[in-house]
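Have a go at each task before reading its solution.

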Amino acid sequence: MDNKKLNILPVPTFGWLKVNYEERENENDNERRVTKLNCSDGEKTRLEINESAAQRYELEVKGGQSVEVIEFITAKRADTQTAIKLESGARARLIQVITGTERTINNVRAFLSDGAELEYISLNIGGEDTLSDINARLDGRGARFEADIGYKVSNEGKLDINLLAEHFGKRTETRINASGVLSEKADKTFKGTIDFKNGAVGAKGKEKEDVLLLDETVRNRTVPLILCAEEDVEGSHGASIGRIDERQLFYMRSRGLDEQTIYKLAARARLDMVIRRIDDEQTNARIRQILGGNDDE
Amino acid sequence: MKEKTVVSDIDRSLYDFRYEEDESEYFDSGLSKEIISAISDEKNDTEWMREFRLKALDIYSKTKMVEWGPSIEGLDVDNIVTYIRQRSRMNTDWSEVPDDIKDTFERLGIPQAERESLAGVGAQYDSELVYHNVRKEVAESGVVYTDLESAMHDEKYADMIREHFMKLVPPTDHKFAALHGAVWSGGSFVYVPKGVKLEIPLQSYFRLNAKGAGQFEHTLIILEEDSYLHFIEGCSAPKYYEAGLHAGCVELFVGKNATLRYSTIENWSKNMYNLNTKRAVVDEGGKIEWVSGSFGSHVSYLYPMSILNGKGASAEFTGITFAGEGQNLDTGAKIVHNAPDTSSYINTKSISKSGGISTFRSAVTVNSNAEGSKSAVNCESLMLDRISRSDTVPVMDIKTDKADIGHEAKIGRISDEAVFYLMSRGLDEESAKAMIVRGFADNVSKELPLEYAVEMNNLIGLEMKGSIG
């Protein structure tokens, strides 16, 4: 079976770091099943993706309408595409929870017209080999993209996320927050790119990642890119990787907590930052159930 | 009507003079076993070096160019002259140096700097050193500062050089490291004995005068335990229409508790491809400090690498890159934390204007044995117009939980608020913007010795012109 390149970094860098792309066997040569999502204004659509088949979901949101889609990806070998087109002033919220999968290839493509808003929330918990490729194209003036990504990778799990926000329109905005926790030979790569194209006057982009490493067997790669071909933009990224700050540890110890408890709390806090944005009781209850078995405080 | 603030290109008149070359001294352009053997004959290479060069040539021909970074399509190595025979032997007295070469270095201010503020100077013109000298008291302290080839033929240093030469940057590292291994010539050798702290800097200046030629100098510095050295490297070339190539190599060995500061002001002309490789390995408690200003060249690939091999070793990289019209400068730093309690700090600024492209590229790797290590990266980019480009491509690869890694980057234009604030304090718009841009570049200039900071400010040549619209 052929290999194909996935999660390609928009601007490649030193080859020895092995972050330019991922290669996987091309398993799904069969035809992709396409589902058009007909969501009404204000509607919430839930998708259970539990079949190991190539799927494609297409969502078009008319001007001024607002929809929410929740994808629970639990298929053993998932290969999912979600294509979103937001007309002027449309709003969408896409929540993806990827859990318990053996291999996931997840692909999200979004096109945002004038004033459109996309909120992307993703939680990666317990997948063995997960590749997520997310591309938001901010074409329209004033379009806005927010991404909150949480992950918990352990037990030799591998997670590679490649997120690209392309700013074409004037006064477009992106905010990316990623936070997570790694343990037990976890191998995670987060590639987040903010790309200001020429003409994206007044665009703003902000990216942040906060990674908690819990033992010496983990590997974390953080690759935050800013590409800029426009003068009048503001872009920034920040990353914090490692253990809990000594001063924080001291403070929490002085409040009577032992180190193990402090790390459990800190790990959960990183996921909770994303979970609390989900704002859907049914989804949150399921996530709590999944997480509860592992690190119930 | 609002007029854009204009920041001029770097004033290169200081560097763009040239003397006609006697082309009969040029070796044939391109690469072949015959040319490499002719270079070995010319330099009276030892047998191991002859073999080394030929093996490197073989590696070069088998190695592909990297799949990232700026295009080097305009560079045809088959048209590059890799060696130019020198007209006179290396001297320790400027009066013995041929007049046109001496005048070149006079105009670049090298002999004056030597008299006023340096412990020793090496001056390379095209392929070979033409001048090398070190102050008597420095030589008496046991410091060796000479050209690499003389040292290689000196039985006192021959084994030491063979032990270290291209061990940090092997020819297999990348295509142009292999090219360097095959055709290298010139460059300096510095040895600082245990406990010797050299208070005033040494400087090597590399001038490529010939048209369509390459410069492939090799700098090898070895610092023993508890020693200190500040080494300054300057580079320039006049402008030609033909592509020129600089594929130098710098290998730095920093001993236990030793500190090496390596400062570079690079101002190659805009026809040059600067594909240079610099690497340092640092022992326990040692420190490498890179100060780097990249202003010239058409295309640059430059990422000094620090390998922190000893417990408590540290690295600091402070750099500024100014990319103007026709330039694609891909610069940054690489750090490998390979021992416990190591620390690193990268602080860079880049400015893009008139269609120039500047890319900050970095890699911070923390290996699993580097428990207790810390690293902070801070990079800022300033876009001065809409036709330029500025990219930031950092990677952090962390393989231990017991590390503390931070990264911050910003990109933007001159802040309207800052201009407004300064104007409210009585500055006109033009002066306010000039002050902000100079302040932006200040982190590097303050790291340089005063006379070089002044030179750098001249190099930047930030002439601000504007009016209130």
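**Exercise 1. Find how many salt bridges cross the interface of chain B and chain A, and then see what else is there.**

Start with the count: the rule finds five salt bridges across the interface of chain B and chain A (a side-chain nitrogen of Lys or Arg within 4 Å of a carboxyl oxygen of Asp or Glu). One that you can pick out is Glu216(A) with Lys402(B), where the closest N and O atoms are 4.0 Å apart.

A word on the ground rules: this is a predicted model, where local features need pLDDT of at least 70 and side-chain atom pairs count only at pLDDT 80 or more, while totals for chains, interfaces and linings use all residues. Residues are numbered from 1 along each chain as its sequence is written, chains are lettered from A and ligands numbered from 1 in the order in which they are written, and side-chain values use heavy atoms, with hydrogens and water left out.

Next, go to contacts: 39 residues of chain B touch 42 residues of chain A (heavy atoms within 4.5 Å). Then take the area: about 3,400 Å² is buried between the two chains, with 54% of it from carbon and sulfur atoms (accessible area, 1.4 Å probe, lost on putting the two parts together, summed over both). Arg386(B), Asp401(B) and Ile411(B) give 20% of what chain B buries against chain A, more than any other three residues.

**Exercise 2. Work out which strands pair with β15 (287-294) of chain B.**

Strands here are DSSP runs of E, at least two residues long, and helices are runs of H or I of at least four, numbered from the N terminus. Pairing takes at least two DSSP bridges between two strands.

On one hand, β12 (259-267) of chain B runs parallel to β15(B) over eight bridges, and Thr259(B) is bridged to Lys287(B). On the other, β18 (314-323) of chain B is also parallel to β15(B), joined by eight bridges; there, Val291(B) has Thr318(B) as its partner.

Now check burial: seven of the eight residues of β15(B) are buried, so the strand is largely enclosed by the rest of the structure (buried is under 20% relative accessible area, exposed over 50%, partly exposed in between; 1.4 Å probe, protein chains only).

**Exercise 3. Decide whether Met166(B) is buried or exposed, and do likewise for Glu156(A).**

Met166(B), in the loop between α7 and α8 of chain B, has a phi near 50° and is buried, at 3% relative accessible area. Glu156(A), in the loop between β12 and β13 of chain A, has a phi near 65° but is exposed, at 58%. Most residues other than glycine have a negative phi.
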